[in-house]
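User: I have a model open and would like to talk it through with you. Could you take me through it piece by piece?

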Amino acid sequence: MGKLAEWLGAHSKAIELFRGQFRNVTSEGGSADDVFFQIQVPVRGNIQESLNSYFEAEDCHNEDMGTKFTRKLSISKFPAMLVLHINRFENEWKQTRKNSDRFPFDEYLKFSSIQNALREV
């Protein structure tokens, strides 16, 4: 048994606390699931606006196939403990800028629009 497998086995309960699952759905009917342990959100007004921005539908273009489609990310399995990494840094033309604006957040977050995202694509 390798060291990584040993570590994972010894810490499996802790890992399960933080493991969630994204569902990535396209307007073409494709979907994929990905495991996550944290969500890195940009600073957009307040925490709810930042979460909504992170999960907005995205227009995509496949240059190889010459097709356009919409991609939507949602949470298909919530972790027991959700970790939000607030990304205050933005890259603009080879420069990194820190957003030091005040960033308010409510005690409770609304995830209904994120959970219902699968129906909107």
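**Rings, strands and surface**

Analyst: Let me begin with Phe 22, which counts as buried because its relative accessibility is 8% (buried means under 20% relative accessible area, exposed over 50%, and partly exposed in between, with a 1.4 Å probe and protein chains only). Please keep in mind that this is a predicted model, in which local features need pLDDT of at least 70 and side-chain atom pairs count only at pLDDT 80 or more, while totals for chains, interfaces and linings use all residues. Residues are numbered from 1 along each chain as its sequence is written, and side-chain values use heavy atoms, with hydrogens and water left out.

User: OK, how many aromatic pairs are there?

Analyst: The count comes to 4 aromatic pairs, where rings of Phe, Tyr and Trp (its six-membered ring) pair if their centres lie within 6.5 Å, and planes under 30 degrees apart count as stacked, over 60 as edge-to-face and the rest as tilted. The rings of Phe 22 and Phe 36 are stacked, because their centres are 4.3 Å apart and their planes lie at 25°. This pair links distant parts of the chain, since Phe 22 is in strand 1 (residues 20-26) and Phe 36 in strand 2 (residues 31-36), 14 residues apart; strands (E, at least two residues) and helices (H or I, at least four) are DSSP runs, numbered from the N terminus.

User: And is Phe 36 buried or exposed?

Analyst: Phe 36 is buried, with a relative accessible area of 4%. Tyr 54 and Phe 55 form an edge-to-face pair, because their ring centres are 5.0 Å apart and their planes at 75°. Of these two, Tyr 54 is partly exposed at 28%, whereas Phe 55 is buried at 2%. Ring pairs link Phe 22, Phe 36, Tyr 54 and Phe 55 into a cluster.

User: Switching to the sheet, what order do the strands take?

Analyst: The open sheet has 4 strands in the order 2-1-5-4, with antiparallel pairing; two strands pair if DSSP finds at least two bridges between them. Strand 2 and strand 4 (58-62) stand at the edges with a single partner strand each, so one side of each has no neighbour in the sheet.

User: How many bridges join strand 1 to strand 2?

Analyst: Strand 1 and strand 2 are joined by 6 bridges and run antiparallel, and Phe 22 stands opposite Asp 34 in strand 2. These two strands form a hairpin with 4 residues between them, and Gly 29 in the turn has a positive phi of about 100°.
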